[in-house]
Amino acid sequence: MKASSLRDIVAGFAAAGLEVFERMTGRRHDSLVSMCKRLLRLKGEASTLFLAHDILATYNRLSRPDRLSFFKRLLAEFMPDPEGLKQAISRYQREPTPSTVAALGAAAESPRKELFRLLNAGPDGTAAIIRMRQDLRGMIIQNSDLKPVDADLRHLLHAWFNPGFLRVERISWKTPAFILEKLIHYESVHEIQGWNDLQRRLADDRRCFAFFHPALPDEPLIFVEIALVRGLVSSIQEVLSAETPDPNGDFRPTAAIFYSINNCQPGLAGVSFGNFLIKQVTDALAEEIPTLKHYATLSPVPGVRAWLNEEIASPRSGIGFSEAERECLAQLDGPAWYENVPAVRQMKPLLTYLCAYYMVNARRGDEPRDAVARFHLRNGARLERINWLADRSEKGLRESAGLLVNYVYDRKALARNHEAYVNDGEIARSPAIDQLLKERPHAQG
């Protein structure tokens, strides 16, 4: 059955429940929290679906301050029953058996989880809950006490968006236009400059794949763009400006370059399935194109400029910048600094060394500080090469000083690299990276 047909059935069932619901309760305009409490008490399926739909519609009409108040009340008023939890703890302490463990887990579960489960059953409930979590994540920045509510949502979304429920689809120029429009909108790594640019990115020497979920059949969750080339590429300009190969020529690509990976739903942040997409796509490409020998990325280093600024400003920096180095790096803030040949000649060895140092030594706990590095290294990729002035876009220069990194997915080494990373914090890297780190260059005054 098509997802749209299922949604229509559920919506019709919810509408049919309106009459039952009004006969049972009257059409009272209760507060949103009161509606949620009543939803947890309802038994009838039709009335439950209708009230869930009504709650989500009411939430959508709330102002941002009212939404914040709603989440605060979910935190305070939808806690486990204290007496029931106390009794479950006592029973477990007296007799720690599988049944008392299960009873304790049930008693400790927040009623918020059951509320969200019921809301998810309503028409378009999944999409509504994802938008609700997007709102919540924006509020947590200044309201950290709401983290338990987010934890409940994240736990449920992990289950609902298990990779087993997802389907991978190739996106082509024949894909419906409303989905192609969303790719243009969601592309956040290398902006798509209109329909002609998108058509080029979907040409025969390109591939684009996306994950979809049955509850969101028209919404890509994540998509990846791939260039089929000969050997590793060293700049995004090389990828985006390449001419389409002659369809009558003998084009035999040897490398698949993953040059843009985009998460499309902010409400699913922390629910990771990008690694599953890469693995499925790599397997599909290997089967489709036998000439492919290498699978690699051309990835940004989005935190290196911020880290560098912090190190320069910190009196306790372990790098120890000389005055000449500070003057050299200060040119990064100037307009079109990369066109200054003498400055570039002096800056290149220093900046590539600092980028390698950042990738390997700058940490957030036991993992690299760089979020892109964490993603690829967890997947078993190898840090292969740092590419100088590989992204001259305004965003690339601002965030990464124009640097891009190749991560190589060696299918024979993925499991070994992954285990070494997650168990021992080891970063798989090429001899070229080790060579960069071996001796620090110094800018001349």
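Biologist: Which residues do ring pairs link into a cluster with W307?

Modeller: Ring pairs join W307 to Y353, Y357 and Y358. Rings of Phe, Tyr and Trp (its six-membered ring) pair if their centres lie within 6.5 Å; planes under 30 degrees apart count as stacked, over 60 as edge-to-face and the rest as tilted. Please note that this is a predicted model, in which local features need pLDDT of at least 70 and side-chain atom pairs count only at pLDDT 80 or more, while totals for chains, interfaces and linings use all residues. Residues are numbered from 1 along each chain as its sequence is written, and side-chain values use heavy atoms, with hydrogens and water left out.

Biologist: How many aromatic pairs does the structure hold?

Modeller: There are 10 aromatic pairs in the structure. In one of them, the ring centres of Y353 and Y357 are 6.3 Å apart and the planes stand at 40°, so this pair is tilted.

Biologist: Where do Y353 and Y357 lie?

Modeller: Both belong to helix α16 (residues 341–361), four residues apart, which is about one turn of the helix. Helices (H or I, at least four residues) and strands (E, at least two) are DSSP runs, numbered from the N terminus.

Biologist: Buried or exposed, what does Y353 count as?

Modeller: Y353 counts as buried, at 10% relative accessibility, whereas Y357 is partly exposed at 25%. Buried means under 20% relative accessible area, exposed over 50%, and partly exposed in between (1.4 Å probe, protein chains only).

Biologist: Staying with α16, what does the side chain of T352 reach?

Modeller: T352, another residue of helix α16, has a side chain that reaches the backbone oxygen of K348 at 2.8 Å. A polar contact is a pair of N or O atoms within 3.5 Å; within protein, one must be able to donate a hydrogen and the other to accept it, and residues adjacent in sequence count only if both atoms are side-chain atoms. T352 is buried, with a relative accessible area of 10%. Beyond its neighbours within four places in sequence, T352 is in contact (heavy atoms within 4.5 Å) with I386, W388, L403 and L436.

Biologist: And the nonpolar core: which residues have the most contacts inside the largest one?

Modeller: Those are F71, F161 and L285, in a core of 96 residues. The largest share of this core, 11 residues, is supplied by α16. A nonpolar core is a set of buried Ala, Val, Leu, Ile, Met, Phe, Trp, Tyr and Cys residues joined through side-chain atoms within 4.5 Å.

Biologist: What does F71 touch?

Modeller: Not counting residues up to four places away in sequence, F71 touches Y59, M132, D135, L136, M139, L146 and V149. The ring of Y59 also has the charged end of R67 over it, 4.6 Å from the ring centre. A charge sits over a ring if NZ of Lys or CZ of Arg is within 6 Å of the ring centre and within 35 degrees of the ring normal.

Biologist: Over which ring does the charged end of R440 sit?

Modeller: R440 has its charged end over the ring of F321, 5.9 Å from the centre.

Biologist: Changing topic, how many salt bridges does the structure hold?

Modeller: The structure holds 28 salt bridges, each being a side-chain nitrogen of Lys or Arg within 4 Å of a carboxyl oxygen of Asp or Glu. One of them joins R411 to D283, with the closest N and O atoms 2.7 Å apart.

Biologist: Which residue does E367 meet in a salt bridge?

Modeller: E367 meets R378, at 2.7 Å from N to O. E367 is in strand β8 (residues 367–368) and R378 in helix α17 (residues 371–378), 11 residues apart.

Biologist: Finally, which loop holds N162?

Modeller: N162 lies in the loop between α9 (147–160) and β1 (167–170). A polar atom of the N162 side chain lies 2.7 Å from the backbone nitrogen of G164. At 37% relative accessibility, N162 counts as partly exposed.
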